[in-house]
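Subject: Structure for your files, with notes on aromatic contacts

Dear colleague,

Please find the structure below. My notes on its aromatic side chains follow.

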Amino acid sequence: MVLLEMIPPLTILSVGLFFTRRFTKALKIPLKAYEVFLSSFVMGMAALVIPFIAIGVLFPNWLGRFVYSYLAFGSGYFVVATIRFLPNLAANFDEVLMKTKQYKGSSELDLEYVAKASSFAALIGYLFILAISPPRGWDALHFYYSHALVFFISEKIPIINPLNLIPVFKPPLVSILLSYTFFSAGLDAANYLPFLFLLGVVFSIYGYLQETYPNTELQWVSVSVFLAMPITYFLIYEWAYYQDLPIAFFYGVTFYFLSKLQNSNKMTSKAFWIVLLIFALGLAPLTKMSGYALFFVYLIAIKVPKHVNLLQIIVFVIITGFLARRAATEIHVLVSAAVLVIALFVVLLLATRQDRATLGELTGYLIPVILGFLPGLAWLYRMIFVIPGTKEFLLNTYYRSKNAQIQWKWSGIAIPEVTTYIENAHRATALSSVLILFTGSLFVAPWLLAKLAGLRELLKEEKGKQLIIFGSSFLLLWTAYFSNVSARYLTALLMPFSIIIGKGVVCLFNFIGSRSSKKGRQISFILFLLLGYGGVYPFYPFELVLENIHVRYYLFHKEMWRTLLYVFMFTLIMFLLAVFKPNGRVSRAGFNQLGRLLLLILIVTPALGQVSLIAYSGFSIQEYQTKWVYDYRETITELSEILQSVAKPDEITITVNAPGLEFFSQRPVLDLMTITETNITGYLNDKNTTRLLSRLDNANVRYVVTLRQEHDFYPAFIQQYFFLTLFKYTVSGYLADLIYTNDEFALYRLHSSGPRIGPSALVLKSCNSSWIALQDPTPYSGFEENEDGFYLLLDLSYFPGIVQYSIDFKIRYSLGDVVKRSFWENNTVEGTSFATTAEVLIHQLDCNNLTLEYFYSESIFSTADGNEWKIIFKTVDNGRSIQFINGVPLVGDYLETEYLIVPLTANNA
């Protein structure tokens, strides 16, 4: 099974390796091992993704042939490459063993050794997490996995996804890679794709530092910092199949390729790195909308001639002005101030930068932008001109402002709220939002001193300034657009941010080096990294350690001053350990034992949590997945199996917040949380239950899934969705029958459309035409109540001319005792139903409104005979009326409809 799951990533690398070798052999360019990986991965993806989109959109009949041809070529070349390079691999392995032996027993184990040990352990730990985990992630299951399954089944890229019933709007790279795994290895074989992107970020960090700072200690410290950050853990554990890890890779590898281009002297080398930049820049916008921002960041970061630098600054200032205004009116005035501060910082760096490019070099930098933007431009064109509403959505999201006034009140989040998650917990306050990189929980607040030291050191060097410009330009965009949305969108900064912290760590430890022992420095650095891993579940503030993890992340940011106090305390402890030298009271041997113990803890930490969970599950991977992976829990997998067994492949289910239901069941599911930009909720709140059922029936909607109290989202479901007619009357049993339930979900099958309670049971009949049901345009205009009774107002203005009408009036009743409690308490009445019909002919109707008045008395509900139900039809303008008295005896319950044509009781009517 593992070998099968390895086929997709290995074949992508093999195809890329084929093209890499063709280029390097023709241009005579030597590459290091990590450069071979990066170039092969980028070229392999480009060779798959770009043709996949073109063929899937334009020539869908050929898509399957292309994918299988790609798979066959990649598999064949993998065999050839393995045989050819096996001797080199053996030699490299021997070299690694020799270097390992050099460390064995050595007392000179410094930061580099600790960083290497931590990095390798973290990579193995993350690989282990990926290997044992099933498909997961809210966005991934609703969008990327769902789209990928449709690409695989239909062998094309449709406009509307028939599984989730939404447009294929999101950039498709992740879905295409997932779809490729379905073609090549099955639906459960995508485990190792995210690991390629993780390695890609690691090699981008390592390669850039190898190119610009040939200091192996700095390289490995920066890599270990990246792997120890909580955001990296969550990228693997929860968001592995999101777009964020790939976008982190494309931002990082683009900057690395740019540095290689800038430092290359030969034209052949420059040509090679330009080609790779074209592919990296071209794939970024096909990965995520923020991939388009990479072109802006790239153009600000590149070196330009002196006379072009002024234009670069002017354009940047104009864009900054727009972003600052938008932040002030859409988010908060403090966010706008942060935008201006970041922009001023970047402008100062641009104005004082000494490195300049010639016009020839500038041309080389611009070619990747021009050619790389074409794939993204093609996809953007498709979205705007093929998918309705895309243009308006993009304009509203990125350009237009909803508000004209400056926002002085922070619209953050609060506890308790079911919408408060790890990724948006930084929104607790405006200050915690704009300072997220420095004091945010996902970015390890106790590393604050190292972050500041790293910034200070990099600002001294031209190459450091370019790195900071690159990162600050994206931070500017995030702050203006998404500082009140998600910290996950900051993954584009992981490569430069890790280098900044790594630079700060090395600087700090060099500063205290003369005052410390080597062992003390090691222990201090181990604790430094453990603070990162420990931030996955913030263990401070200590007094709140037993709170829910999402609540803890919120409180971490809400209690800013208390957090900074802990930051100071941890920094002081690490400094004291670094300078501590054993004396007679504390033996050197004991201090060494402490160092080894902490190193062991550091090495086992990345995989320790998952190992313990598997052990608790009896070492059963299946039990671990259903028990501990939230999106793959037993309640959702069971529901998916039931839905697959009862629903036909084209029958649609409506639900709220059930990610993966469409993928696991392979049945169409409309999840209302995925379509917040539409007015579908108004459609489903139609009080005319007959019309509602008829519309759902015509749309082939057959099932409804509601949430139960054990579901985490249940309070929000009750508050935001349960008021809809569809859910309210589904749960009551009026519109649907319950066919399955578990602790979190209830599955209902809708009744077939037919005569129902509600205005559609009132049918207008013209004497000289066919029946006209009260469908669209609806004549229902309101429902009123006064001391005399209930009034149902019908708008007849759309009927042409003065004609004769007759009214067929049908009401459904439930027989039984009077129930004086409300529907919201889910009370039902046992009994049977019947219908009564009253018909009145109105001659020469000469007004646009007709009022039906319902008079009743207390006696209607107290006796079974002698009661009259009186219905009066009259024209509103002159009071003329024709009265019809229907003497049907009733023992009344209430009508099962929100119109309440018959009151609940005479008292509460």
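**Aromatic contacts**

Phe474 has a relative accessibility of 5%, so this residue counts as buried, the cut-off being under 20%. Please keep in mind that the model is predicted.

The whole structure was searched for aromatic pairs, and 61 were found. One of them joins Phe197 and Phe250: the ring centres are 6.5 Å apart and the planes stand at 65 degrees, so this is an edge-to-face pair. Phe197 belongs to helix α7 (residues 193-212) and Phe250 to helix α10 (residues 244-263), so the contact ties together parts 53 residues apart in sequence. Phe197 and Phe250 are both buried.

Phe474 has a ring partner as well, Tyr251. Their centres lie 5.2 Å apart with the planes at 70 degrees, which makes the pair edge-to-face. Tyr251 sits in helix α10 and Phe474 in helix α20 (residues 462-482), so here the parts tied together are 223 residues apart in sequence. Tyr251 also counts as buried, because its relative accessibility is 1%.

Which residues do ring pairs link into a cluster? They are Phe23, Tyr34, Phe120, Tyr206, Trp220, Tyr256, Phe257, Phe272 and Trp273.

Arg65 is placed over the face of Trp62, 4.4 Å from the ring centre. Lys463 is placed over the face of Tyr213, at 4.3 Å from the ring centre.

Best regards

Technical notes: Residues are numbered from 1 along each chain as its sequence is written. This is a predicted model: local features need pLDDT of at least 70, side-chain atom pairs count only at pLDDT 80 or more; totals for chains, interfaces and linings use all residues. Side-chain values use heavy atoms; hydrogens and water are left out. Rings of Phe, Tyr and Trp (its six-membered ring) pair if their centres lie within 6.5 Å; planes under 30 degrees apart count as stacked, over 60 as edge-to-face and the rest as tilted. Helices (H or I, at least four residues) and strands (E, at least two) are DSSP runs, numbered from the N terminus. Buried means under 20% relative accessible area, exposed over 50%, partly exposed in between (1.4 Å probe, protein chains only). A charge sits over a ring if NZ of Lys or CZ of Arg is within 6 Å of the ring centre and within 35 degrees of the ring normal.
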